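Visitor: I have a model open and a few things to ask about it. Can we go through it together?
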Amino acid sequence: MKSLYVRSVELRNWGGRQDARPTVRMRKKRSNPVKKRVTLTFPKRSVQMPVTYRLAKDFNVAANIIRAQVAPNQVGKLVVELSGDIDQLDASIDWMRSQDIHVSFASREITIDESVCVDCGLCTGVCPTEALTLDPQSFRLSFTRSRCIVCEQCIPTCPVQAISTTF
């Protein structure tokens with residue numbers, strides 16, 4: 001089992017001379033936060049539940065909402081990027097599943113059918129990360145996959161349905 005604490009040794013400086021006795025302190029080890037993108041599907045009775053608040057308060061997990069489709073008395077969908085300690089993320093996902101919230105991991109990607117795309121640029125106006133841009137010289141659509149967060153805002157914007165997701 002990994003230690004949750006790290007030992008640090010300090011030498012105190014007393015007026016120009018160092019103390020011969022080192023001070024040993026134990027401090028909590030900080031882990032790098034892990035990020036997971038998930039799609040949450042809420043049943044009608046759970047739509048009013050403050051899920052992002054509970055994730056932050058009970059599990060110390062931050063939830064960055066990417067896309068939301070939530071309305072009273074309807075099934076709700078939320079695409080979120082969760083970040084926190086891996087054990088806390090797993091515990092929070094288990095808790096959501098215990099609340100009958102369907103959790104699916106986002107493994108989808110945006111695809112563009114270049115034979116259908118007319119390079120109109122409408123999708124570039126809704127892309128929050130500028131993964132979709134128009135080349136200023138050729139006026140051709142450019143897609144930078146590494147910048148895409150799969151928020152899917154570009155899909156309904158495309159007038160010729162050239163943009164879709166893969167599963």
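Visitor: Over how many bridges do strand 5 and strand 8 pair, and in which sense?
Guide: Strand 5 (residues 34–42) pairs with strand 8 over 4 bridges, in the antiparallel sense. Strands here are DSSP runs of E, at least two residues, and helices are runs of H or I, at least four, numbered from the N terminus. Two strands pair if DSSP finds at least two bridges between them. This is a predicted model: local features need pLDDT of at least 70, side-chain atom pairs count only at pLDDT 80 or more, and totals for chains, interfaces and linings use all residues. Residues are numbered from 1 along each chain as its sequence is written, and side-chain values use heavy atoms, with hydrogens and water left out.

Visitor: What is the bridge partner of valine 38 in strand 8?
Guide: Phenylalanine 105.

Visitor: In what order do the strands of the sheet run?
Guide: The order is 6-7-5-8, an open sheet of 4 strands with antiparallel pairing. Strand 6 (62–69) and strand 8 (102–105) are the edge strands, each pairing on one side only.

Visitor: New topic: where is asparagine 60?
Guide: Asparagine 60 sits in the loop between helix 1 (51–59) and strand 6. Its phi is near 55 degrees, a positive value in a residue other than glycine. Most residues other than glycine have a negative phi.

Visitor: Is asparagine 60 buried or exposed?
Guide: Exposed, with a relative accessible area of 54%. Exposed means over 50%, buried under 20%, and partly exposed in between (1.4 Å probe, protein chains only).

Visitor: And what is phi of glutamine 161 near?
Guide: Near 50 degrees, also positive. Glutamine 161 lies in the loop between helix 3 (154–157) and strand 12 (163–166), and counts as exposed at 62% relative accessibility.
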